[in-house]
Amino acid sequence: MNRFIVLFERWADADHAAIRAECRLGRLLDLYCEGVGAAPTLAAIAEAKELRAVANHRLRVLWRLAHEARASVPVL
């Protein structure tokens, strides 16, 4: 399989995991602000931040790969 496709799929998986964690965190925060739930835990906050950092790192790898591929294409 093409390296770009593999890296893209890895980024997409990481991005979806980050989105899910961010949504959970948002729901917890909404409940807390409405006075019907506990504040989000530090662990939940840290998990969302870490998952987003992983997704962002994988996206930077994709951008670097695309930039390198574009730089190697000869211009007519």
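Is Arg64 buried, partly exposed or exposed? Before I reply, please note that this is a predicted model. Arg64 has a relative accessible area of 47%. Buried residues lie under 20% and exposed ones over 50%, so a value in between counts as partly exposed. Arg64 is therefore partly exposed.

As for its place in the chain, Arg64 belongs to helix H2, which covers residues 42-71. Let me also relate Arg64 to Gly35. The two are separated by 29 residues in sequence, and their C-alpha atoms are 45 Å apart in space.

I turn now to the nonpolar core. The largest one consists of five residues, namely Leu7, Trp11, Ala12, Leu62 and Leu65. Both helix H1, residues 3-33, and helix H2 contribute at least two residues to this core. The greatest contribution comes from H1, which provides three residues.

If we set aside neighbours within four places in sequence, Leu65 makes contact with Arg3, Phe4 and Leu7.

Finally, I come to Asp15, a residue of helix H1. Is Asp15 buried or exposed? Its relative accessibility is 15%, and because the limit for a buried residue is under 20%, Asp15 counts as buried. Which residues does Asp15 touch, not counting those up to four places away in sequence? They are Arg52 and Ala55.

To conclude, we have seen a partly exposed residue, Arg64, and a buried one, Asp15. We have also seen a core to which H1 and H2 each supply at least two residues. Thank you for your attention.

Notes. Residues numbered from 1 in each chain as written. Predicted model: local features only at pLDDT ≥ 70, side-chain atom pairs only at ≥ 80, totals over all residues. Heavy atoms only, no water. Helix = DSSP H or I, 4+ residues; strand = E, 2+ residues; numbered from the N terminus. Buried < 20%, exposed > 50% of the residue type's maximum accessible area, 1.4 Å probe, protein only. Core = buried A, V, L, I, M, F, W, Y, C linked by side-chain atoms within 4.5 Å. Contact = heavy atoms within 4.5 Å.
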